[in-house]
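Reader: I would like to learn how to read a model like this one. Could you walk me through it, a feature at a time?

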Amino acid sequence: MNLSKKAWLGLACLSVSLTGCVTPPPPKDYAAFRASAPRSILVLPPKNETVSVEGPYSYLSTVSRPLSELGYYVFPVHEVDELLKANGVMDPAEMHQIPLAKLREVTGADAVLYPTLKEYGSKYVVLDSVTTVSVAATLVDARNGEVIWTNAARLQLSSNGNNQGGLLAQMVGALVSQIINSKSDPAHRISQQVDVVLFETPGQGLLPGPYFGASAPLR
Amino acid sequence: MAGRQVSLRSGWAIAVPVLLLCGCAAQPPKQLYGWGNYEELLYVSTTKVDSVAPEKQIETMKTDRASFASTGQRIPPGWRVHLANLYTQTGHLEEARVELEAEKVAFPESAVFCDTLLSHLGRPQQVTP
């Protein structure tokens, strides 16, 4: 009986957290996106609005997979970053100021994604930790400078979700999750879920790219 | 008796959220590409949180490539460029050039970028026509 009560409580919590899916905002206008029809996306390192040092580049490493799986050619994020730094542009905020014509000249990108990291990291309170990742992103047609898509996503996760009750159990739970968190950054893992919301939410995310479907090159 | 009731209710508690999640899912389950350890290597390269020797990363990518080939998975965009970068770091310029040329063949969208990188590739051996 006790167990089933907990199960229902879990269901109730999950349902609350899912309400964002049930009532989505109105679909975006994709006319400019369709007209642009980019084949390739150059992802710049995120502009950092957080105090996290590792956040921007940790987040950057998560975007290649979802964008590639959506069917776009995604320029290798690390090599793009290295190329820009080798040309004297060290800071992501400066990278966001590089003229599109220059980016297009050295990469041939059809579109450029400008991410901004707005929140990144964990806050520890006595028996719990809350991890938040928030990202905004704008996709610009590199050929004419037109903004063809913009979206934002924010996710928050508490580490205290699976306690069995009792103060001792809660303390053990908090200790264990902090140890695990320090080994594998929880904000990094939440970033991957932020990408799903940011890029793949129907009516809000990106339109599928040219390789979506069965036409990806075989070798 | 009581045990059966609990498991039935638990079953619903699992089934209902799963149904709700299905309604939200945007993506078909099948993947365009194999990923192997590539995302981990990207994390290591971009954040520099853990330092993994480039030789070790090359070995990891070679193992992944063999696994992609044996399971019929495609190599993702940028993967060969990353391997080329590791080859460059370890002085294997010819191997790097081969990977960059292969990226251009697999993904024509990468041609300008790969040519930019090729022009920075130290002094690769001149191929006689």
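Author: Gladly! Helices here are DSSP runs of H or I with at least four residues, strands are runs of E with at least two, and both are numbered from the N terminus. This is a predicted model, where local features need pLDDT of at least 70 and side-chain atom pairs count only at pLDDT 80 or more, while totals for chains, interfaces and linings use all residues. Residues are numbered from 1 along each chain as its sequence is written, and chains are lettered from A and ligands numbered from 1 in the order in which they are written.

Reader: How many residues of helix 4 of chain B are buried?

Author: A residue is buried if 20 or more other C-beta atoms, placed from the backbone, lie within 10 Å of its own; 12 or fewer makes it exposed, and anything in between partly exposed. In helix 4 (residues 79-89) of chain B, ten of the eleven residues are buried, among them B:Trp79, B:Arg80 and B:Tyr87.

Reader: What covers the buried residues of helix 4 of chain B?

Author: The cover includes helix 5 (77-86) of chain A, along with helix 2 (38-47), helix 3 (54-71), helix 5 (93-106) and helix 6 of chain B.

Reader: Why does B:Phe113 count as buried?

Author: B:Phe113 sits in helix 6 (residues 111-119) of chain B, and it counts as buried because it has 27 C-beta neighbours inside 10 Å. Contact means C-beta atoms within 7 Å. Beyond its neighbours within four places in sequence, B:Phe113 is in contact with A:Phe75, A:Thr107 and A:Gly108.

Reader: Which residues touch the most other members of the largest nonpolar core?

Author: In soluble globular proteins, nonpolar side chains tend to be buried together. A nonpolar core is a set of buried Ala, Val, Leu, Ile, Met, Phe, Trp, Tyr and Cys residues joined through C-beta atoms within 7 Å. The largest one has 62 residues, and those touching the most other members are A:Ile41, A:Leu42, A:Val43, A:Ala111, A:Val112 and A:Leu113. Leaving out residues up to four places away in sequence, A:Val43 touches A:Leu60, A:Val63, A:Val74, A:Phe75, A:Val77 and A:Leu113.

Reader: What is the secondary structure of each chain?

Author: Chain A has nine helices and six strands, and 37% of its 219 residues are buried. Chain B has six helices and zero strands, with 29% of its 129 residues buried.

Notes:
Contact = placed C-beta atoms within 7 Å.
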